[in-house]
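Here's a quick walk through one model, going from the overall layout down to individual residues. Keep the 3D view open while you read.

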Amino acid sequence: MKRVYVNEDWCLGCHLCEYNCAFANSGARDMVSALKGKAIHPRIRVEGEGDITYAVSCRHCKDPLCIRGCISGALHKENGTVCIDRDKCVGCLTCVLLCPYGAVLPGPDGAAMKCELCLKNSCGEPACAAGCPNRAIVYEEREEAK
Amino acid sequence: MKRYVIVGGSIAGVSCAEGIRSRDGEGEITLVTAEPVSNYGRPLISYYLEGKTDLRRMSWRGEDFYERNRVNIRHATAAEKLDAAEKQLTLSTGEKLSYDEICLCTGSHPFSPRFEGLETVEHRFFFTTLADALALEETVTKESRVLIVGAGFIGLKCAEGLKDRAGSVTVCDLAAHAMNANLDGDASAILEKHLISNGLRLMLGNTVTRFEGQTAHMQSGETVDFDVLVIAIGVRPETAIFAEAGGDVGRGIKVNERQETSLPSVYAAGDCTESLDVSAGEPGVLAVLPNASMQGFCAGVNMAGGGETFDKGIKLNSIGFFGLHIMSAGTYTEPVYEEVTDTGCKKLFAKDGVLTGFILVGDVSRAGIYTALIRNRTPLDTLDFETLKREPSLLPFGRAYRAEKLGGAV
């Protein structure tokens, strides 16, 4: 399946992916009304220190611990993509406790939130990759783990 | 065609069916459960009382799970006798089910010490099943004074769930601190303050010595008048049919890393089992939902001829009370990091060069990075632990690790 891949050598640390993610998932029509003056809640986060920066978002693991441990069954797979039914989520954050990459995040409304590859929002393909100015984030097919 | 029988319709049982179906689309699966409903996360029952979920949304793998996976589901049917030599399970209906492979996912049952006068209490409940939650919903009114005995996970989640439904909620526990089994004094103190500020009455280091109708006589000499009593002292693995069949039982049904028991073709998974706690280096009852799911799936795969192992078991818990998040994991060995404020705390524990446990109150973000270190027994000298102690991130793992995880499929 196509996934989001990150190459930290090319990451500029510009945080554009975070803004594009927050906008894509905001439901708003334009970026200014979606983001200006607001606390943003992106599902991808740029981490790092000094010269090292890289973006982290859901890896859509082959055998995701978050899905196994979800107490409500809100987390599930749809054609390989790990999705969350935020209406089922009760906000216990067991997924946050289990994700080895820190890629499932507490959302502003209490329910957990995570990258769903923009398949469910108006963007249609990952906004982080589409807007990355240096191709440090790409969305493509690569060889799968065994 | 193989015949599979699963006893228990909670998370381990449902995950076992998933595990079987991941390898065997043909075999016949029968799942028997004493409950009238199944396939729901037990920890949801407090959220149900709180109004954060409802019966429809509580379905763990969806209402069509059994149909989709071609599982013969037998609700309200108890398993009464296991004959491992004959490979036969006798049900409460008198029927005998023959199997090739069976998995016991019998869970646990609430435990209550003998309180003098308990039989004089009219409205008394446990809090482990949906039926318990529905009965409490029916009984508790805005005028009810609720007394909960036990300030562990179950008692406190019940208290939170009932808070806005009841007139008052009092929680008592013999232990001096809330969630004594999972937290230390610092973490408990933050939690207790938060619970009290949200309207709960706590009576810690104090428990009921006897009941007299609607009055509880406390160890301290005080009395508590109540209308509804919830006993939430703890649970014990349900091992009866396995023990009667001659199986090897410790604190729970003993299983190996393939979820096999001492009896041939008998597997077990979930809260009824005792298995290796890798953070403690010894067996324990790792009765939490994520383990039940992982163990159940593992058992199912192996029942269908696969080679799955569950060998990273630890105790772990994520829970919130009135907006305060608390996570705990593993075994509290030697403290290696500590941060305590009025509203949150963080403690890390390590031994023999690996992280063995942590407690987080308040800021719980990215806690899974710590959990993975414990489960994988990652040698701490292979990463920058000083940086990682302060904040969980992938930075301390180094470039090669990140390239593999973020640049590859995992």
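## Layout of chain B

Which domains is chain B divided into? Domain 1 takes in 3–109 + 235–303, domain 2 covers 118–231, and domain 3 runs over 323–406. Bear in mind throughout that this is a predicted model.

Take domain 2 and domain 3 of chain B as a pair: their C-alpha centres are 33 Å apart. They do touch, with 8 residues of domain 2 of chain B and 10 residues of domain 3 of chain B taking part in the contact. On the domain 2 side, the residues that touch domain 3 of chain B split into 4 nonpolar, 2 polar and 2 charged.

## Where the chains meet

Now for the contact between the two chains. Chain B puts in 41 residues and chain A puts in 38 residues. Several elements of chain B each give at least two residues to the side that touches chain A: helix H2 (44–50), H8, strand S22 (316–321), strand S23 (324–330), helix H9 (367–376) and helix H11 (399–406).

What's the make-up of that side of chain B, by class? There are 22 nonpolar residues, 13 polar ones and 6 charged ones.

## H1 against H8

A pair of packed helices can be summed up by the angle between the axes and the distance between the axes. In chain B, helix H1 (residues 11–21) packs on helix H8 (residues 289–303) at about 35°, and the axes are 6 Å apart. The crossing of H1(B) past H8(B) is right-handed.

If you want to pick out the contact on screen, the H1(B) side includes Ile11(B), Ala12(B), Gly13(B), Cys16(B) and Ile20(B). Facing them from H8(B) are residues including Leu289(B), Ala292(B), Gly296(B), Phe297(B) and Met303(B). Counted by class, the contact of H1(B) with H8(B) has 12 nonpolar, 7 polar and 1 charged residue.

## A three-stranded sheet

Chain B also has an open sheet of 3 strands, in the order S18-S20-S21, with mixed pairing. Its edge strands are strand S18 (253–254) and strand S21 (282–284) of chain B, each of which pairs on one side only.

Strand S20 (residues 273–277) of chain B runs antiparallel to S21(B), and 3 bridges join the two. One spot to look at here is Ser275(B), whose bridge partner in S21(B) is Gly284(B).

## S10 and S11

Strand S10 (residues 145–149) of chain B is mostly covered, since 4 of its 5 residues are buried. Strand S11 (residues 168–173) of chain B runs parallel to S10(B), and 5 bridges join them.

Why is strand S26 (residues 354–361) of chain B described as largely enclosed by the rest of the structure? Because 7 of its 8 residues are buried.

S26(B) pairs with S23(B), antiparallel and through 5 bridges. Within that pairing, Ile326(B) has Val361(B) as its bridge partner in S26(B). S26(B) also pairs with strand S25 (residues 345–351) of chain B, again in the antiparallel sense, over 7 bridges. There, Ala350(B) stands opposite Leu355(B) in S26(B). S25(B) and S26(B) make a hairpin with 2 residues between them, and Asp352(B) in the turn has a positive phi of about 50°.

## Two residues up close

Thr331(B) sits in the loop between S23 and strand S24 (334–340) of chain B. Why does Thr331(B) count as partly exposed? Because 18 other C-beta atoms lie within 10 Å, and a residue needs 20 or more to be called buried. Beyond its neighbours within four places in sequence, Thr331(B) is in contact with Asp277(B), Ser279(B), Ala280(B), Thr356(B) and Gly357(B). Phe349(B) is 18 residues from Thr331(B) in sequence, while their C-alpha atoms are 7.6 Å apart in space.

Lys96(B) is found in strand S6 (residues 96–98) of chain B. Is Lys96(B) buried or exposed? Lys96(B) counts as exposed because it has 12 C-beta neighbours inside 10 Å. Leaving aside neighbours within four places in sequence, Lys96(B) is in contact with Gln88(B) and Thr90(B). Leu82(B) is 14 residues away from Lys96(B) in sequence and 9.6 Å away in space, C-alpha to C-alpha.

Methods
Residues numbered from 1 in each chain as written. Chains lettered and ligands numbered in written order. Predicted model: local features only at pLDDT ≥ 70, side-chain atom pairs only at ≥ 80, totals over all residues. Axes fitted to C-alpha atoms, helices over the stretch in contact; angles between N-to-C directions. Left-handed = near helix turned anticlockwise from the far one by under 90°. Contact = placed C-beta atoms within 7 Å. Nonpolar A, V, L, I, M, F, W, Y, C, P; charged D, E, K, R; others polar. Domains from an automatic or database assignment. Pairing = 2+ DSSP bridges.
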